[in-house]
Amino acid sequence: MKFLVKATVNVDTMLEFGKKLQNNELDRSYIRGETYCTKDNPAVGYSIWEADSREEFEEKFAQWKQFYLYTETYEVISPGEAMKLLMADM
């Protein structure tokens with residue numbers, strides 16, 4: 001399963017967050033590719049996470065949540081899978 005995560009970093013904990021990232025204290029193995037931030041609000045970032053289940057994702061994401069003010073998570077599918085679903089509805 002893949003999840004699109006939109007997160008707004010908490011600037012009050014940003015130094016601690018950065019240190020944990022630099023020291024590899026946060027498990028990044030579930031993140032696919034890079035995290036990208038919006039130009040208009042660089043505190044907002046988007047990343048794709050992959051896990052075997054929603055429960056596994058929630059467990060791995062929990063250690064990251066303390067550094068965010070807000071998060072939104074969406075299960076996502078590939079364009080090919082989306083096309084199949086759209087065609088099935090026609």
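Student: Is F57 buried or exposed?
Tutor: Buried, because its relative accessibility comes out at 1%. Keep in mind that this is a predicted model.

Student: OK, and what does F57 touch?
Tutor: Leaving out residues up to four places away in sequence, F57 touches F3, V5, W49, A51 and T73.

Student: How do F3 and F57 pair up?
Tutor: They form a stacked aromatic pair, 4.6 Å centre to centre with 25° between the planes. F3 sits in strand β1 and F57 in helix α2, so the pair links parts of the chain 54 residues apart.

Student: And F3, buried or exposed?
Tutor: F3 counts as buried because its relative accessibility is 0%.

Student: What about F17 and F67?
Tutor: They're a stacked aromatic pair too, at 4.8 Å centre to centre and 15° between the planes. F17 lies in helix α1 and F67 in the loop between α2 and β4, so this pair ties together parts that are 50 residues apart in sequence. Both F17 and F67 are buried.

Student: How many aromatic pairs does a search of the whole structure find?
Tutor: Nine. There's also one aromatic cluster made up of F3, F17, W49, F57, F61, W64, F67 and Y68.

Student: Switching topic: how many residues are in the largest nonpolar core?
Tutor: It has 15, and the ones with the most contacts inside it are V5, F17, W49, F57, F61, W64 and Y68. β1 (2-9) and α2 (54-65) each supply at least two residues of this core.

Student: Which element gives the most to it?
Tutor: That's β1, with four residues.

Definitions and conventions
Residues numbered from 1 in each chain as written. Predicted model: local features only at pLDDT ≥ 70, side-chain atom pairs only at ≥ 80, totals over all residues. Heavy atoms only, no water. Core = buried A, V, L, I, M, F, W, Y, C linked by side-chain atoms within 4.5 Å. Buried < 20%, exposed > 50% of the residue type's maximum accessible area, 1.4 Å probe, protein only. Contact = heavy atoms within 4.5 Å. Phe/Tyr/Trp six-rings, centres within 6.5 Å; stacked < 30°, edge-to-face > 60°.
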